[in-house]
Amino acid sequence: MASSKKLISREEWEKRLNNVKIRKEDMNKLVMNFLVTEGNVEAAKKFRMESGTHPDIGLATITDRMAVKKAAQCGNVKDAIEKINDLNPEILDTNPQLFFQLQQQRLIELIRNGKVEAALEFAQEELAPRAEENQSFLEELERTISLVAFEDTSNCPVGELLDISQRLKTASEVNAAVLTSQSNEKDPKLPSLLKMLIWAQNKLDKKAAYPCINDLSNARLEDPTF
């Protein structure tokens with residue numbers, strides 16, 4: 001059965017692509033946005049020198065933000081909270097969800113280090129009062145406290161709380177909150193554009209056979225298969 005899709009040759013497709021004009025300055029801004037949002041200070045400095053593209057925020061603020069993120073990633077939550085408050089006390093004052101998440105991570109670190117009595121005391125004094133006013137906080141507190149009931153946390157139903165991925169999740173939330181407080185987007189634009197590219201190709205695949213990009217790492221056009 002013959003395909004009902006329209007066939008677009010490589011020559012025709014490349015001609016269409018060449019008619020799309022994208023300024024180099026706009027491409028450079030996308031790259032700088034990615035470097036700044038991801039916190040790659042040295043790369044951002046080098047790219048600024050090479051391209052003449054200036055970031056929307058001071059690069060010094062990136063260093064401060066990355067110090068906060070690193071502290072959270074390493075499990076030094078108290079230090080992370082102090083650094084956040086040094087940057088902007090309103091970040092945690094206006095974001096009870098994030099503050100609870102950080103305090104929950106502090107509790108997890110106490111349990112990880114076998115400080116059960118200190119963990120229970122911390123939970124009672126710092127987390128319980130907040131959990132009484134918020135059902136989702138209460139559920140998270142109960143999940144976390146249940147870790148102390150298991151000597152072998154690998155068999156614990158909520159053992160994933162002790163995974164490094166939990167730290168990284170908390171650190172990511174912290175990074176997003178600091179970016180937002182600095183009037184910056186919490187996510188870089190480039191990955192969103194790549195997702196849009198994939199979405200557009202999937203839509204077009206239903207109607208036409210054309211050279212498309214299958215591997216985003218090299219962005220090469222590949223001829224359609226039948």
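**The nonpolar core and its surroundings**

Mentor: The largest nonpolar core has 17 residues, and those with the most contacts inside it are Leu107, Leu127, Leu141 and Leu147. A nonpolar core is here a set of buried Ala, Val, Leu, Ile, Met, Phe, Trp, Tyr and Cys residues joined through side-chain atoms within 4.5 Å; buried means under 20% relative accessible area, exposed over 50%, and partly exposed in between (1.4 Å probe, protein chains only). At least two residues of this core come from each of helix 7 (96-112), helix 8 (116-131) and helix 9 (135-145). Helices (H or I, at least four residues) and strands (E, at least two) are DSSP runs, numbered from the N terminus.

The model is predicted: local features need pLDDT of at least 70, side-chain atom pairs count only at pLDDT 80 or more, and totals for chains, interfaces and linings use all residues. Residues are numbered from 1 along each chain as its sequence is written, and side-chain values use heavy atoms, with hydrogens and water left out.

Neighbours within four places in sequence aside, Leu147 is in contact (heavy atoms within 4.5 Å) with Ile111, Thr153, Cys156, Val158, Gly159, Leu161 and Leu162. A second, separate core of twelve residues includes Ile81, Ile84, Ala177 and Val178. In soluble globular proteins, nonpolar side chains tend to be buried together.

Arg167 is located in helix 10 (residues 164-181) and counts as buried because its relative accessibility is 13%. With neighbours within four places in sequence again left aside, Arg167 is in contact with Ala72, Gln73, Cys74, Gly75, Gln105, Glu109 and Arg112.

The UniProt record, an unreviewed entry, carries the annotation "domain: CTLH" over residues 61-118; such annotations may be inferred rather than shown by experiment, and their positions are given in the numbering used here, with feature names shortened. Over residues 61-118 the chain is 83% helix and 0% strand, with the end C-alpha atoms 35 Å apart.

Asp26 lies in helix 2 and counts as partly exposed, because its relative accessibility is 31%. The C-alpha atoms of Asp26 and Thr53, which are 27 residues apart along the chain, are separated by 9.7 Å.
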